[in-house]
Amino acid sequence: MRNVRDEHADALLQRAAGGDEQAFADLYDRLAPSVFGMAKRIIRNTAQAEEVTQEVMVEVWRTATRFDPQQGSAQTWVITLAHRRAVDRVRSEESQRQRTERLAEVSAGPSLSDPVADDVVDDLDRARVRTAMAGLSALQRESVELAFYGGNTHTEISTMLGLPLGTVKTRIRDGLLHLRSLMEDGR
Amino acid sequence: VSDHDLVAVYALDALDDDERAAFEQHLADCATCRAELAELRVVTEELAVELSEAPPARLRADVLAQVARTPQESDAGSASEPERDRVVVNLADRRRRPALWVAVAVGVAAAAIIAVLGAQLST
């Protein structure tokens with residue numbers, strides 16, 4: 001399990017569930033940057049990333065009573081919801097042609113976010129994630145990136161890479177498990 | 001094909017809608033997969049945090065304004081959870097039951113009145 005759990009975010013979400021708008025505003029300040037940055041990376045459109053961030057954060061408010069800290073942290077809950085929303089947006093709104101172009105870009109482009117000056121995340125955290133990503137085999141990294149950043153289904157990835165579905169599943173699973181151990185080593 | 005293979009694919013949202021729904025059914029019954037999913041979520045969370053970027057201040061104002069006029073679900077209103085669905089259905093049934101009794105009582109009373117009236121008319 002995670003080494004560092006943001007219990008403050010958990011407490012804020014629980015207070016928000018009781019209707020505390022100030023607690024929700026504080027939660028927004030903590031979590032919206034991850035939601036927005038991830039949505040922007042997946043959707044590759046700032047205006048739509050803002051819309052998704054708004055949808056996600058309002059849904060967090062609306063359904064806050066469902067949050068159960070026994071099932072995971074507030075941050076995990078919000079990011080899980082946000083990734084799904086961003087991926088759904090990409091799948092529903094893009095034409096197949098645009099997607100194909102974007103896929104090419106995702107595979108060819110830099111594997112991680114641009115190193116823009118950004119004080120939201122600790123540079124050490126960023127470096128740790130980058131180092132972990134770099135520690136994957138090229139094949140594992142490719143499949144993980146096409147799924148996580150590209151919003152592609154495993155079936156699509158299998159078609160794009162000309163690989164059997166089983167191979168893609170294995171690469172994704174091995175890639176994520178490998179990332180996990182590399183991230184822990186980097187702490 | 002075992003559903004267990006799909007935990008990581010699910011964690012990355014790399015299933016289509018039908019596959020996702022099917023896997024979520026499996027997940028509800030499989031503690032092993034739920035445990036593995038919790039482990040993998042830590043990874044996807046780190047990947048997301050790494051992408052953090054401050055959203056525009058205007059967005060914060062928009063979200064907080066929308067939140068101020070958006071009612072929250074009550075505890076029983078979380079419709080996506082099967083257990084709570086059952087609770088909601090049960091409550092609804094319970095609410096319907098008195099209505100049924102009232103209808104039956106009204107019917108019985110009406111039949112009695114008709115019977116009495118019929119008896120009076122025939123005499």
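This is a predicted model: local features need pLDDT of at least 70, side-chain atom pairs count only at pLDDT 80 or more; totals for chains, interfaces and linings use all residues.

Student: Which residues of chain A lose the most area to chain B?
Tutor: The contact draws 67 residues from chain A and 55 residues from chain B. Three residues on the chain A side together account for 12% of what that side buries. They are R66(A), R84(A) and L176(A).

Student: What secondary structure does chain A have, and how many helices?
Tutor: Chain A has 0 strands. Its pattern along the sequence is α-α-α-α-α-α-α-α-α. The helix count is 9.

Student: What share of the contacts in chain A, between residues at least 6 apart in sequence, join residues at least 24 apart?
Tutor: Chain A has 187 residues, and 50% of them count as buried. Among its contacts between residues at least 6 apart, the share joining residues at least 24 apart is 64%.

Student: Which residues of chain B does F24(A) contact?
Tutor: Set aside the neighbours within four places in sequence. Within chain A, F24(A) then contacts A16(A), M57(A), V60(A) and W61(A). From chain B, the partners are V63(B), L64(B) and V67(B).

Student: At what angle do α2(A) and α3(A) cross?
Tutor: The crossing is right-handed. The two axes come within 8 Å. The angle is roughly 145°.

Student: How many nonpolar residues are in the contact of α2(A) with α3(A)?
Tutor: Residues of α2(A) in this contact include F24(A), L27(A), V35(A) and F36(A). Those of α3(A) include V56(A), M57(A), V60(A) and W61(A). By class, there are 3 polar and 3 charged residues, and the nonpolar number is 14.

Student: Is W61(A) buried or exposed?
Tutor: W61(A) is part of helix α3 of chain A. The cut-off for buried is under 20% relative accessible area. W61(A) has 3% relative accessibility, so it counts as buried.

Student: How far apart are the C-alpha atoms of W61(A) and A16(A)?
Tutor: W61(A) contacts A16(A), and its other partners include G19(A), F24(A), V67(B) and T70(B). W61(A) and A16(A) are 45 residues apart along the chain. Their C-alpha separation is 6.8 Å.

Student: How many charged residues are in the contact of α3(A) with α4(B)?
Tutor: From α3(A), the contact takes E50(A), T53(A), Q54(A), M57(A), V58(A) and W61(A). From α4(B), it takes R58(B), L59(B), D62(B), V63(B), Q66(B) and V67(B). They divide into 6 nonpolar and 3 polar, and the charged number is 3.

Student: Which residues does G37(A) contact, leaving aside its neighbours within four places in sequence?
Tutor: G37(A) sits in helix α2 of chain A. Its relative accessibility is 4%, so G37(A) counts as buried. Its partners are L51(B) and E53(B).

Student: Which residue of chain A does T153(A) contact, leaving aside its neighbours within four places in sequence?
Tutor: T153(A) lies in the loop between α7 (138-148) and α8 (154-161) of chain A. It is buried, because its relative accessibility is 7%. Its chain B partners are A14(B), L15(B) and D16(B), and the chain A partner is R91(A).

Student: What is the phi of D13(B)?
Tutor: Most residues other than glycine have a negative phi. D13(B) has a positive value although it is not a glycine. It lies in the loop between α1 (7-11) and α2 (17-29) of chain B. The phi of D13(B) is about 55°.

Student: Is R44(A) buried or partly exposed?
Tutor: R44(A) lies in the loop between α2 and α3 of chain A. Its phi is positive too, near 60°. At 35% relative accessibility, R44(A) counts as partly exposed.

Conventions. Residues are numbered from 1 along each chain as its sequence is written. Chains are lettered from A and ligands numbered from 1 in the order in which they are written. Side-chain values use heavy atoms; hydrogens and water are left out. Contact means heavy atoms within 4.5 Å. Helices (H or I, at least four residues) and strands (E, at least two) are DSSP runs, numbered from the N terminus. Ala, Val, Leu, Ile, Met, Phe, Trp, Tyr, Cys and Pro count as nonpolar, Asp, Glu, Lys and Arg as charged, and the others, Gly among them, as polar. Buried means under 20% relative accessible area, exposed over 50%, partly exposed in between (1.4 Å probe, protein chains only). Buried area is the accessible area (1.4 Å probe) that two parts lose on being put together, summed over both. Axes are lines fitted to C-alpha atoms, for helices over the stretch in contact, and angles run from 0 to 180 degrees between N-to-C directions. A crossing is left-handed if the near helix is turned anticlockwise from the far one by less than a right angle, and right-handed if clockwise.
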